Amino acid sequence: MLRKYSNSRSLADNIRLGVLTAFSAGMVNIATLIIFFAFSSNVTGHYAILAEEIAKGNWYQVAVVFSWIFLFYFGNFTSNIIIINYNKTHTYLAHSVPIILEILCLFTVGMYGSYYYNETLQETEVLVALCLYAMGLQNGLTASISNFAVKTTHLTGATTDLGILSAMFTRKEYRENEQLRGKFKLIAYIALFYMIGGVFSGLIYFYIGFNVFFAVCLSLVVVLFYDFSKIKFYAFFKKGDGYMPREADIATSDDAVSMEAKRMKD
Amino acid sequence: MKFHYILALVLMTGIVSILFMLNVGTRHEEIIVGAWKEIKWTYEGAEDKEDTLLRAEALKSLRSIIGQDFLIHENETWIFTPEGQLITSTKPTENDMRLRWLLKGRGNILVIKNGDIPIESYNITKLNDEILVLSFNVEIGAKGVAELTFERIRL
């Protein structure tokens, strides 16, 4: 999921990444909506609110909403600064660090919420800000490494694409286009799992409260370790004690994986 | 290199603007503290009807039906204490003493809790030194938005 970059990614890679991260984003968004009465991933709505608050002259609220939008932007910025600078030398690490930072943010929200949260407005504003930063990190990572194919924290663009593709599929020539079908499948999966994540979060929140953020962390850990285990697996077989799996079996055709495995072996 | 300076300048401007607005703006959590007397109650579903005696009666009965499920009673006075307690009566009962108020979102949602259990939430449509307007969704036959307008009083 995280090892490959841009055009070297297959549809399956993007679906795996999209499904798990969309599930996490759906969970976070609904959790913050239930707990804090604020969305943490759909920034378009925050822009509308920002305009409304400016028009009303509520400068404190303008500052709060502006800082939320700014942190979402900064999350995207952070992810891509890391990816751009370390992608060629430490691919897996460069793609993992944004996820690790996201886990840290959400873990902090979960911990603070469980043990220290007094439900003051300032606490609410800061915790929502952390969630927006986390969603920015995730969106920046998935969009960047998938060549903008996977965006999982909001569905405006995805719904637009689904509408466009549905219209295109009324013509046979487009229906038979594998690339377009793949794109439709990917977006449909993202939308579906975002919804499932949201519903799941809404259901479990009433039983586990703030621990819902730990559940999100868990799904992100799966994203991290799925590839880590594959790299270890590959490195193990590269030591040359017996059976060597086919390249197709472990999807190691790209340079990034070979480089990572070589580094680990060294 | 020029771009780096521009980016740094934009980021710094953004941060300074946020800090400035946080300082000059007034926080809902502070303004809402005090005593508020209900002065008006409106229901959007009834706004376009002619202002007749019959309508006034209908609104009154509608209000009492909605009031059964909400805190609102007749000519209510709400006192928001700085400690987070909400007093809705001049002679509070033991139950009244358990009511807490919280603000959520960006300070636009008023949540009322009984102990630790959330019982109601209202949208804060307007809040300044003199006026507090709360709105909430009701579903009685047809959906609509009810609005409660309060005026600050000095006790």
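These entries cover conventions, then helix packing, then the pocket.

**Conventions.** I worked on a predicted model, in which local features need pLDDT of at least 70, side-chain atom pairs count only at pLDDT 80 or more, and totals for chains, interfaces and linings use all residues. Residues are numbered from 1 along each chain as its sequence is written, chains are lettered from A and ligands numbered from 1 in the order written, and side-chain values use heavy atoms, without hydrogens and water.

**H3(A) with H1(B).** I took helix H3 (residues 59-86) of chain A and helix H1 (residues 2-24) of chain B, which pack at an angle of about 150° with their axes 8 Å apart. Helices (H or I, at least four residues) and strands (E, at least two) are DSSP runs numbered from the N terminus. Axes are lines fitted to C-alpha atoms, for helices over the stretch in contact, and angles run from 0 to 180 degrees between N-to-C directions. The angle therefore makes H3(A) roughly antiparallel to H1(B) (over 145 degrees; under 35 is roughly parallel, 65 to 115 roughly perpendicular, the rest oblique). H3(A) passes H1(B) in a left-handed crossing (the near helix is turned anticlockwise from the far one by less than a right angle; clockwise is right-handed). Contact means heavy atoms within 4.5 Å. Among the residues that meet are A:Trp59, A:Phe66 and A:Phe77 in H3(A) and B:Leu7, B:Gly14 and B:Val24 in H1(B).

**H3(A) within chain A.** I found H3(A) and helix H5 (residues 121-145) of chain A packed at about 35°, axes 7 Å apart, in a right-handed crossing. Their contact has 15 nonpolar, 10 polar and 1 charged residues. With helix H4 (residues 91-115) of chain A, H3(A) packs at about 165°, axes 8 Å apart. H3(A) is therefore roughly antiparallel to H4(A), and their crossing is right-handed. The residues of this contact divide into 7 nonpolar, 4 polar and no charged.

**Largest pocket.** I recorded a volume of about 390 Å³ for the largest pocket (on a 1 Å grid over the protein atoms alone, an open set of points where a 1.4 Å probe fits, with protein on both sides within 12 Å along at least five of seven lines; lining residues have an atom within 4 Å of a point; the volume is the space filled by probe spheres set on the points, which are joined across faces, edges and corners). Of its 17 lining residues, the closest to the centre include A:Glu119, A:Tyr205 and B:Lys104. E6(B) gives the most to the lining, with 4 residues.

Note on methods
Nonpolar A, V, L, I, M, F, W, Y, C, P; charged D, E, K, R; others polar.
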